[in-house]
Amino acid sequence: MDTYTANTINQMLEQAHLNPGVIILSGIIIAVIVYYYILYRDNIDKVKYTLICLFIIFNIPAITSLFTGIIKVNTTFRGKSYLQSIDILETKDLYLFYSLLNKEISTTSTFFVAVNEECENNENNESYLHRIIYFLTPRKMVKSVQQADYIILIGYSRPEIFKLFSHTGELIYYSPLFSLIKRHSQPKGARA
Amino acid sequence: MTDFLIGFFNMLLIVLAGFSLASWWLKDGLKIDKTLLFALSWVSGCVIIAITQFYLMLSGLLNISIIHGVLLLLIVISLYNNKTVYWAAMIEIKQYILTFRNFLRLHNSLQIILCVLILFFGFQILVFNAITPVWSYDGWLIWTIKAKLLHYNFLDIDFFKNKIYDFAKLDYPMLVPVLQAFITKLSPDFDERLAKFFFNMCFIIFGLILYNFIRNFFDRLFSLLLLFAILFSPFIVLNFISGYADAVLAKFYLFTIVVFYRFFNEKSPGLYYYIAFVTGFAGLMFSKNEGSIYVVGLVLFSLLYIRFYIDRKSQHIKYIILSAVVAFLLYLPWVVFIKHFNIANEVISGTNISLVSFTVFLSHFYMAAKTLIVNVMFDPQVSGALFYLLPITIYLAIQKNEFKNIFFFCGIFFFNLLLLLFVYALTPFDPALHVVSSANRVLMSMSPAIICFMIMTLSFRNNELSEIETAETC
């Protein structure tokens with residue numbers, strides 16, 4: 001399961017608790033309920049009316065806390081570009097890597113992703129892999145290193161990269177989580 | 001701004017495409033409820049575009065932009081042939097605007113305050129969808145990735161055979177990605193935020209249908225209050241802003257149930273119901289795999305309902321069976337496609353279901369049911385107070401001998417709930433984790449049945465007053 005996506009947003013949505021909004025909203029709703037009762041008290045089934053009113057009042061804190069979060073998110077994201085929005089949503093590491101991939105790899109290039117199965121962070125690696133595939137679409141992902149213009153490595157240390165991939169190309173970005181190798185022999189269509 | 005206009009234009013095209021289909025069936029004029037007609041236009045438009053695009057894409061014939069030309073042609077032909085219906089629709093729209101103006105001018109301040117409150121909260125949801133990218137895991141990697149590939153004309157049969165994309169749940173129906181791609185299509189680059197416009201429109205339609213239904217049982221002031229409490233419940237809002245297909249499924253389900261409610265009360269149903277049922281059923285099946293279960297429940301319980309509670313049986317039965325058959329025929333090529341290419345089912349991939357022994361099944365079932373009830377249904381932060389109200393409402397309905405409502409609305413809900421629990425119990429995953437991670441979405445998509453049931457049962461006005469007030473417009 002995903003561990004970090006949306007956590008930011010979820011936290012933002014959930015962190016709002018009882019606040020002045022609840023009091024104002026409750027005031028408006030209770031005013032409507034009382035007004036309605038005064039107006040139609042002879043024509044309404046009181047049991048059903050009480051039930052519905054309890055339902056409505058019970059919902060107010062949940063609605064208010066949710067919308068406090070939503071309004072907060074709307075303020076945070078206002079005027080941000082797509083990449084900046086990703087920066088807010090994802091880890092800084094991934095954002096920097098996204099920006100690099102976006103700049104470096106042309107839409108006609110192909111890429112191969114290798115995930116280090118033995119990496120400590122392995123639980124998240126699959127999720128990173130899926131995100132990178134998503135983000136790089138429509139660039140074509142290939143099934144072998146030989147067909148690729150770029151190799152993306154997830155969870156490889158520098159010595160491991162040196163041992164396993166140094167012959168394939170030039171390491172142009174390294175972090176403990178993500179690395180990017182540009183292959184030596186580039187097929188047609190790849191950007192220089 | 002340009003992207004916004006593109007999104008708006010494409011959504012208008014969906015409504016017009018649906019209306020052009022509906023107008024063939026409404027040659028005598030607009031005799032049905034106008035809100036439902038608008039909802040029908042949107043629902044039919046979604047289904048027509050999704051099905052056409054998807055099958056053209058599979059046949060390899062489609063440069064997806066062609067669909068815009070074809071749709072415009074369809075709309076023009078329909079406009080030429082059914083001028084009366086279009087003209088009547090224009091007059092209705094004008095009347096709606098006038099009614100709204102009168103409404104603002106004449107009605108009491110509490111109604112206006114409630115309207116402002118609903119518009120403000122609704123606006124926040126629309127803004128949220130317009131400025132944040134898709135942020136839920138399933139939203140990105142099941143639905144939007146397919147839309148993105150479709151946008152760049154890269155989604156073809158090879159995609160479904162490519163093991164790299166297994167994580168995108170390739171056996172899931174394609175209505176949502178296809179429509180997201182349709183909305184972004186005229187924009188040069190794919191932007192998730194534009195794709196999420198689709199959910200905005202679905203949210204608006206969901207709200208309109210819900211209000212339309214509530215209005216049958218309550219006066220305007222209380223309808224607005226109830227709409228506010230239900231529509232902005234956390235589990236409804238969170239699904240509409242996260243990019244899950246369950247929100248779309250819920251919209252189709254609510255539409256179909258409301259149409260069923262009207263259908264049962266019709267002595268001689270019009271042709272409108274054919275198109276509403278066909279598009280409703282097809283929309284459910286094409287949105288998510290659960291949709292097929294919902295259709296089975298709806299058909300089964302509606303046939304039993306007609307058998308027990310309606311006098312003129314044959315005509316009603318004919319409508320339901322014929323619509324279900326047509327919807328299934330539309331859906332059949334997708335089933336054949338999935339089977340033909342042996343596209344893995346994500347729930348059971350790599351696991352032999354028969355390995356889950358009966359004892360394990362029972363313990364899974366118990367765990368799933370317990371978690372579902374304690375952690376999802378009765379968690380106020382998830383579903384609000386909706387499920388607290390359900391047992392009391394059923395008790396009140398029994399007291400008033402409203403068994404037919406319990407039979408149909410609660411019947412389909414508990415039928416779906418039971419099947420959901422079976423799925424949780426049969427799969428090899430930890431049931432508690434599985435339920436917590438996904439149940440609120442599924443529960444939300446099946447909730448329209450009980451929402452409608454509670455609204456009907458808890459209508460507290462006496463009949464005379466209700467009749468006078470429901471005669472009001474808007």
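A salt bridge here is a side-chain nitrogen of Lys or Arg within 4 Å of a carboxyl oxygen of Asp or Glu. The exercises below use a predicted model.

**Exercise 1. Salt bridges across the interface**

Find how many salt bridges link chain A and chain B, and name the residues.

Solution. 
Step 1. Between chain A and chain B the count is 1 salt bridge.
Step 2. Identify the partners: Lys400(B) pairs with Asp45(A).
Step 3. Check the distance. The closest N and O atoms of Lys400(B) and Asp45(A) are 3.8 Å apart, so the pair meets the 4 Å limit.
Step 4. Turn to polar contacts. The rule finds 15 residue pairs across the interface of chain A and chain B, both residues at pLDDT 80 or more.

**Exercise 2. What chain A brings to the contact**

Describe the side of chain A that touches chain B, by element and by residue class.

Solution. 
Step 1. List the helices. H1 (7–14), H2 (20–40), H3 (46–77), H4 (82–89) and H6 (122–136) of chain A each supply at least two residues.
Step 2. H3(A) gives the largest share, 19 residues.
Step 3. Sort by class. This side of chain A holds 38 nonpolar, 11 polar and 8 charged residues.

**Exercise 3. Size of the interface**

State the residues in contact and the area buried between chain A and chain B.

Solution. 
Step 1. Count residues: 57 come from chain A and 67 from chain B.
Step 2. Take the area. About 5700 Å² is buried between the two chains.
Step 3. Find the main contributors in chain A. Lys48(A), Phe55(A) and Tyr134(A) lose the most area to chain B, together 13% of what that side buries.

**Exercise 4. Strand S5 of chain A**

Work out how S5(A) is covered and which strands pair with it.

Solution. 
Step 1. Check burial. S5 (residues 178–183) of chain A is mostly covered, with 6 of its 6 residues buried.
Step 2. Recall the pattern. In a regular strand, side chains alternate between the two faces of the sheet.
Step 3. Assign directions. Phe178(A), Leu180(A) and Lys182(A) point one way. Ser179(A), Ile181(A) and Arg183(A) point the other way.
Step 4. Pair with S3 (residues 150–154) of chain A. S3(A) and S5(A) run antiparallel, joined by 5 bridges. Ile154(A) stands opposite Phe178(A).
Step 5. Pair with S4 (residues 169–174) of chain A. S4(A) and S5(A) are also antiparallel, over 5 bridges. Tyr173(A) stands opposite Leu180(A).
Step 6. S4(A) and S5(A) form a hairpin, with 3 residues between them.

Notes. Residues are numbered from 1 along each chain as its sequence is written. Chains are lettered from A and ligands numbered from 1 in the order in which they are written. This is a predicted model: local features need pLDDT of at least 70, side-chain atom pairs count only at pLDDT 80 or more; totals for chains, interfaces and linings use all residues. Side-chain values use heavy atoms; hydrogens and water are left out. Contact means heavy atoms within 4.5 Å. Buried area is the accessible area (1.4 Å probe) that two parts lose on being put together, summed over both. A polar contact is a pair of N or O atoms within 3.5 Å; within protein, one must be able to donate a hydrogen and the other to accept it, and residues adjacent in sequence count only if both atoms are side-chain atoms. Helices (H or I, at least four residues) and strands (E, at least two) are DSSP runs, numbered from the N terminus. Ala, Val, Leu, Ile, Met, Phe, Trp, Tyr, Cys and Pro count as nonpolar, Asp, Glu, Lys and Arg as charged, and the others, Gly among them, as polar. Buried means under 20% relative accessible area, exposed over 50%, partly exposed in between (1.4 Å probe, protein chains only). Two strands pair if DSSP finds at least two bridges between them.
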